[in-house]
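This briefing is meant to be read with the structure open beside it. Please look over the picture before going on to the points below.

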Amino acid sequence: MPERRILPSHTVQVGSGVSESARSNPFSRMGNNWRRLLKPDAGRVGISILSFFVILAIMAPVLHLADPYQISPSNRLQGPSIEHIFGTDHYGRDLLSRVIFGTRSSLSVAIAAMGIATVVGLVLGLTAGYFGGIWGHIVMRSTDIIMAFPSILLGMALIAAIGPGLSNIIIVIVLVQLPTLIRIVRGDTLVVKEKEFVEASRSIGAPARYTILRHVLPNTLPSLIVMAALGMAQAVILESAFGFLGLGVQPPTPSWGNLLSEGREYMRVAPHTSIVPGMFVVVLAFSFNLLGEGLRNRLDPRRRV
Amino acid sequence: MARYLLRRLVLTIPVVLGVSIAVFVIMRMIPGDPVTIMFGDVTSVGQAASADELERLRDQLGLNDPLPVQYVKWMQRVAAGDLGNSLIEGTPVSNAILTRLPATLQLSVGALVLALAVSLPIGIAAAVRRGSVVDKLAVGISSLSVSVPSFWLALIMIIVFSVYLGWFPTGTLPEEGLFSSVISLFKGDEQPFVDWFNHAVMPMTALAFSMLAPLIQITRFSLLEVLDADYVRTAKAKGLAPRTVLTRHALRTALIPVLTVIGLQFAYLLSGTVLIETIFRWPGIGTLGYNAMRRQDYPTVQGVILVVGIMFALVNLLVDAIYAVLDPRIENA
């Protein structure tokens, strides 16, 4: 089986440590795994739906949609028709167009938040697990504290302090998602740290940074990637929840959350204004979950449910 | 076991302290202090107070003390049960929380019971008949449960069951809560309970739905593990009925991890109640916190978050205690 290295191979040869870690490195099987990922299964379906959303978000301005900001009082709260497939909102704006433009806010909030959370979680989890001691305690007790707050309440308080808006909602979602990611990386680090190849690397005097990056990190990535994909689903839902409470992306810029918030006011007379944005949230969250499950089956068979 | 519980209790203390420090710091980060919020814009009621006057009030309220001093003073008051007064109503925050806590507990405990009643049978059936239709159904329900936002489910239920079908009222807790309606139930009057159920069924279902996935998955997973264990094989080998093996031997062990997940779910539950309570105008602490935040009533927000955070730490401590009672192996750990 040909080996494909994801991480740059270092020039220093670390004797038996390298071959040991290469054998235990799940990424050496990645070539094969990506091929299997393309077979029809949960992961593939998830990726297909996701690609559709990403393309939709990128292409939104050139799709010849109605102007998402064009107010049309005579057309307000109309049900779905040929002219307005998803109907119109309380200002007569085209809902299809607003939902598609909302994809941009919602998707970018989720991607930015999970991207930051994954990197920070990786660094904190690796160092807390590898070095342990006081630093490990500080990191783990901090995750306990964050986890003791219900995420919506924590978000509400933080938004009260730093104000609503796109970048602040990203900060809140990062904070909410961090504990899980830190814990999963730390857990894997604790297990890998005891393995012979890590011991070998340490015993020949390789610096800690080298041992962590070359031997520990690759073995923590599979679970982290799975958790990040599943976390994306939660991030999408969190964005919609905060938007729904009026704490997220502020109108008139559409996001699925604030569309739901606006739709709620007209739930009785125009239920489509609540149903449509919610359907988008469900489908996107569902596809991230499918992707997560698909990745779990490929990368992390031990934790397969 | 006593040593284990003591150790857990000691580990809970830094979390509770950390929670209080975090709440304190977040609340001090809010732009504009209470004095500005209360008296900064009073043009509608009269002449604005002078800057000196406002400064004297800040001194009175201790807002000019160094932050650590303010924190210690605040914690002293909190320890005595004083969470400060609402900036809007002027009444003690602790009273507001105490009067609203029962409504939230009814909703969250009801949702938990409902979620367990649905997810335990499904999880057990999925593990016993691995790969069967029930197992696939379990996977399907789990995926839906993690993908559908609870507040959206609540909106859809209102549209379908209240607006179109008119089966259930759209919200709020009736005068007689769960406790008193159950008492009437025993006295032979079922009307209050029916009334309570009609009001609570939609918010409870919306809350319970998002808890199904973790509960089903942990039940199925831990039962699958136990079913492969030697002692279960021994029980089968000595000729016990499959049902007896399951109930007397396998489930006893398998349900212990489920307990831990229930403890963790409690936080999600309290998070969900904020959204669900505001949708159904449920008079719980979620609505209290949300409305307080909208009106910049920060002592109330601070009190709600602190109480919820401490409640969560205590619930997990309780779960660990039950865990230790149920699982004798803990003693040696």
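Two residues are said to be in contact when their C-beta atoms, placed from the backbone, lie within 7 Å. In that sense, B:Ser150, B:Leu153, B:Ala154, B:Met157, B:Ile158 and B:Phe161 of helix α7(B) meet B:Met202, B:Pro203, B:Thr205, B:Ala206, B:Leu207 and B:Phe209 of helix α9(B). The model described here is predicted, and the points that follow begin with each chain as a whole before turning to details.

**The two chains**

- Chain A contains 11 helices and zero strands, so that reading from the N terminus gives the pattern α-α-α-α-α-α-α-α-α-α-α.
- Chain B likewise has zero strands, together with 14 helices, and along the sequence its elements follow the pattern α-α-α-α-α-α-α-α-α-α-α-α-α-α.
- Of the 305 residues in chain A, 50% are buried, while in chain B 36% of the 333 residues count as buried.
- When contacts in chain A between residues at least 6 apart in sequence are considered, 72% of them join residues at least 24 apart; for chain B, residues 24 or more positions apart account for 74% of the contacts with a separation of 6 or more.
- Taken along the principal axes, the box filled by the C-alpha atoms of chain B is roughly 85 × 55 × 40 Å.

**Helices packing against helices**

- In chain A, helix α3 (residues 42–59) packs with helix α4 (residues 95–131) at an angle of about 110°, and their axes are 8 Å apart.
- Because angles of 65 to 115 degrees count as roughly perpendicular, this angle makes α3(A) roughly perpendicular to α4(A).
- On the α3(A) side the contact is made by A:Phe53, A:Val54, A:Leu56 and A:Ala57, and on the α4(A) side by A:Ile100, A:Thr103, A:Arg104 and A:Leu107; by class, the contact of α3(A) with α4(A) has six nonpolar, one polar and one charged residues.
- In chain B, helix α7 (residues 150–164) and helix α9 (residues 191–209) pack at an angle of about 145°, with their axes 9 Å apart, and the crossing of α7(B) past α9(B) is right-handed.
- The residues in the contact of α7(B) with α9(B) divide into 10 nonpolar, two polar and no charged.

**Where the chains meet**

- The contact between the chains takes 36 residues from chain A and 37 residues from chain B.
- On the side of chain A that touches chain B, at least two residues each are supplied by α5, α6 (151–162), α9 (208–244), α10 (256–265) and α11 (272–299), and α6(A) gives the most to that side, with nine residues.
- By class, the side of chain A that touches chain B has 27 nonpolar, five polar and four charged residues.
- Not counting residues up to four places away in sequence, A:Leu153 touches B:Ser271, B:Val274, B:Gly289, B:Val304, B:Ile305 and B:Val308.

**Buried residues and the core**

- The largest nonpolar core has 158 residues, and those with the most contacts inside it are A:Leu153, A:Ile173, A:Val236, B:Ala154 and B:Val304; the largest share of this core, 19 residues, comes from α9(A).
- A:Met147 lies in helix α5 (residues 133–148) of chain A, and this residue counts as buried because there are 22 C-beta neighbours inside 10 Å, where 20 or more are needed.
- Leaving aside neighbours within four places in sequence, A:Met147 is in contact with A:Pro179 and B:Ala267.
- The C-alpha atoms of A:Met147 and A:Thr180 are separated by 8.8 Å, although these residues are 33 residues apart along the chain.

**Backbone details in two loops**

- A cis peptide bond, with omega about 10°, joins A:Pro251 and A:Pro252, and A:Pro252 is placed in the loop between α9 and α10 of chain A.
- B:Arg281, in the loop between α12 (242–280) and α13 (285–294) of chain B, has a phi near 50°, which is a positive value in a residue other than glycine.
- B:Arg281 counts as exposed because there are 12 C-beta neighbours inside 10 Å, and a residue with 12 or fewer is placed in that class.

Conventions
Residues numbered from 1 in each chain as written. Chains lettered and ligands numbered in written order. Predicted model: local features only at pLDDT ≥ 70, side-chain atom pairs only at ≥ 80, totals over all residues. Axes fitted to C-alpha atoms, helices over the stretch in contact; angles between N-to-C directions. Helix = DSSP H or I, 4+ residues; strand = E, 2+ residues; numbered from the N terminus. Parallel < 35°, antiparallel > 145°, perpendicular 65-115°, else oblique. Nonpolar A, V, L, I, M, F, W, Y, C, P; charged D, E, K, R; others polar. Core = buried A, V, L, I, M, F, W, Y, C linked by C-beta atoms within 7 Å. Left-handed = near helix turned anticlockwise from the far one by under 90°.
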